[in-house]
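Please look at the sequence and the structure shown here before reading the briefing that follows.

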Amino acid sequence: MVSSAAGDAAAGSFELSCLTPPQAAIKNNVTKAMFELIFIIFTPPHIFWSLIITKTPKKKRGTEESQTFLRPPFSAIIVPNMKDYPELTEIFSDGGVIESGMANYELRREQQDMALRIEEALATNEHLIIEAGTGIGKSLAYLVPLIIYAKTKRKRAIVATYTKTLQEQLTKKDLPFLREVLPFKFNFALCLGSANYLCLRRLHKSRQLGLFKDEDDIREWDNIARWSRKTETGVKLDADFEIDQKIWMEVCRESDMCAGRKCPYGSACFYNRSKTERSNADILVSNHHLFFTDIASGNKILPPYGAALLDEAHNAEDVAAEFLGAEFSYGNIRYILTRLTGGRDFGMDPDSAEAILKSAARTEMHVKELFRAVLARFGREKTQTRVREKNLFKGTAGAAIEELSGLVRASASKMKDENGDVSDEGCELRAYAGRLSEAKNALELFLEQSEPDFVYWADIKPAGRRLRASLYSCPLDISRILRQTLYKNTDSVIMTSATMCVNDSFEYMKERLGMVNAGELRLGSPFDYKKQALLYVAGDLPSPAADFEEFERKALERTGSICAAAGGGTFVLFTSWKSLEKAHEYLKENVKGLNFLKQGQMKRWKLLETFKNKSSAVLLGTNSFWQGVDVPGEALRCVIIFKLPFAVPDTPLTEARIEKLKEEGKNAFAHYQIPQAAIMLKQGVGRLIRTKNDRGVIAVLDPRLILSSYGKIFLRSLPGCAISQDIEEISAFIPFAGGV
Ligand code: SF4
């Protein structure tokens, strides 16, 4: 397909055929020509292009200004020919490559608009925030311009998703499809955390060292070894059998234990192969976790990229906060201590071995003392307790960990192989020493609270019959960190999701993500919500804010009536486990003929399969079911929102965020709690209509939606459909509701 000159210019084209006189002069200079050649060969492409192409000023599409300016002096450069890259309007048009390659493809103006706006942002190095309603086909709308960007600018682009489902859709469906239909070649690679890969060296070493004594464990090792000979990826999730996590931990890749170039399995190494694929890729696909872990590591994990697109970006703030913070837990320390003292012969000299054993025993004692003090103080209270006091817990756990780390590191450095390099066992010990240092730093940060913009809390969870505590330090304001890292170092960052706006505005998301100056685009859904959905509001129920018990009692009864009217095919979404458990008991007891499933009863995928296959099923879920769940068709015909999803203000992070806003003189309810709840409500409501043939009811049992002064903000954030307070209309609206 051939693009027009104007189109080339719009996409940032450049030509080198007409040389200016100074360039021609340089051409005759042999020394300079040689220098050019060396420069071209040895300069990484991204640096090379940034040196020869002056950044294009922000401009309107298709105008004279949109040409890219060249800097002299290089003459013999092979540049991408923009005529190889069709215009986006052609790709997404009637008879374009997408329509020709995809059965049942429907041309959607919103999809084309999104692709064009992203193309513009990429051409002008602009950060952009997009709300793209369900059903516009946003993954193709961003993948195509990102691929063209990667090919023409010779820089990688990365797409990061929150859910595995979307990651799989991109790598197993959308990108292979585009590779088939686009008239030029491109490469993509899935980026997974290194612990997802089998390490051949650890696999063989674990057997040699006799790490597995139990018969079942040995059988599992044999299965993994057999699989290692036929798998192409070495990725745990690709195995055709379920791998025991305990065994996997002994044989997976651990970045700090990798022998690197000295590894005898290096050429067959699955992770190395994936690294090569990544470095040859135009498009990288990762999840938010790996994306932010890479940022936290100073970009040491992923290959460099010029553009980043985060899909499902309404989750980005929380994931970033988690991965840019630190955790100190008993489990992590215990794991290392077990490794060091579990009877394995690392080949240390006897004096070092004895000193390490004694130091490990002291460390265990001090760490246990610390956690006993944490449990004594907070164990009977709520699961997460904010800690505001510096050095609240005294003791010498940190010093003991540091001493142990030093001993292990010193011992590791003495352990050499036949070539005089640090031996395999030495490498492993060095990794444990590094982890101990990190743990000590995390503990120190928590105790000393040395980061002023962080929030600190103790988290207590049951583990069997005991309680386990972890200590967290988390950045309060990720916007500043992202500005200093991601936005500063990336040409263009694009955040998108179906839920980025509140009350017709991007202000909340832009502020939370630090994208105040980013461009905006809002695209509605192509679905006809007026015909496809009905919003039922239980306006007669008491407000949960006034009398929660009374609200809960009546809301349970109403839930039963709605489930019966819909004849099943219903999701009931809660914000608390307590209410979910209560509802499950009540509904099983009082509503006959329906099948009530609850989150946690079986694996998530199995729960969803059971729900899809049983027309009479009702699924009760909390937070993770508000998003990333796709049940098209009649199987899901009603979504009940039990209560407006305000974040509980006594969780440390929410409490601290609210406090910070108050300190800044802002109304935290208006600036944080309402927008946050509106985004989550939109996500929950978004579960219902997944295709243009779906039809169903959204039932909100919280009367504040229509009775409170802020209710209109929620209503304005929802798709425009008819509102009713008459429960009779529910079964009338769902034609295939069986009713019980
Ligand atoms: S190179 Fe590293 S990850 Fe690969 S097999 Fe060797 S030790 Fe394992």
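This is a predicted model: local features need pLDDT of at least 70, side-chain atom pairs count only at pLDDT 80 or more; totals for chains, interfaces and linings use all residues.

Residues are numbered from 1 along each chain as its sequence is written, and side-chain values use heavy atoms, with hydrogens and water left out.

**Aromatic pairs**

- Across the whole structure, a search finds 23 aromatic pairs, a pair being two rings of Phe, Tyr or Trp (its six-membered ring) whose centres lie within 6.5 Å, with planes under 30 degrees apart counted as stacked, over 60 as edge-to-face and the rest as tilted.
- Phe669 and Tyr710 form an edge-to-face pair, because their ring centres are 5.2 Å apart and their planes stand at 80 degrees.
- This pair links distant parts of the chain, since Phe669 belongs to helix α27 (residues 668-685) and Tyr710 to the loop between α28 (704-707) and α29 (711-717), 41 residues apart; helices (H or I, at least four residues) and strands (E, at least two) are DSSP runs, numbered from the N terminus.
- One aromatic cluster is formed by Phe548, Phe551, Phe574 and Phe642.

**The ligand and charges over rings**

- Which residues surround the ligand? They are Cys199, Leu200, Arg201, Arg253, Cys258, Ala259, Cys263, Cys269 and Asn272, where a residue is near a molecule or strand if one of its heavy atoms lies within 4 Å of it.
- Sorted by class, this shell around the ligand holds six nonpolar, one polar and two charged residues, with Ala, Val, Leu, Ile, Met, Phe, Trp, Tyr, Cys and Pro counted as nonpolar, Asp, Glu, Lys and Arg as charged, and the others, Gly among them, as polar.
- Arg253, one of the residues around the ligand, also lies over the face of Tyr271, at 3.8 Å from the ring centre; a charge sits over a ring if NZ of Lys or CZ of Arg is within 6 Å of the ring centre and within 35 degrees of the ring normal.
- Arg695 lies over the face of Phe733, at 4.0 Å from the ring centre, and the C-alpha atoms of Arg695 and Lys531 are 7.8 Å apart in space although 164 residues separate them in sequence.
- Lys531 is found in helix α22 (residues 529-532), and Lys531 counts as exposed because its relative accessibility is 59%.

**The second largest cavity**

- On a 1 Å grid over the protein atoms alone, a cavity is a set of points where a 1.4 Å probe fits but cannot get out, and lining residues have an atom within 4 Å of a point; grid points are joined across faces, edges and corners, and a volume is the space filled by probe spheres set on the points.
- Of the 13 residues that line the second largest cavity, Arg202, Lys205, Leu209, Arg344 and Glu428 are the closest to its centre.
- The elements α10 (200-208) and α19 (424-448) each give two or more residues to this lining, and α10 gives the most, with four residues.
- The lining of the second largest cavity has three nonpolar, one polar and nine charged residues.

**Single residues**

- Arg154 has a phi near 55 degrees, a positive value in a residue other than glycine, and its place is in the loop between α8 (138-153) and β4 (157-161).
- Asn503, which is not a glycine, also has a positive phi of about 55 degrees, and Asn503 lies in the loop between β12 (492-497) and α21 (507-513).
- Trp248 is placed in helix α12 (residues 245-251) and is buried at 1% relative accessibility.
- Phe291 is found in helix α14 (residues 288-296) and is buried, with a relative accessible area of 0%.

Definitions and conventions: On a 1 Å grid over the protein atoms alone, a cavity is a set of points where a 1.4 Å probe fits but cannot get out, and a pocket is an open set with protein on both sides within 12 Å along at least five of seven lines; lining residues have an atom within 4 Å of a point. Buried means under 20% relative accessible area, exposed over 50%, partly exposed in between (1.4 Å probe, protein chains only).
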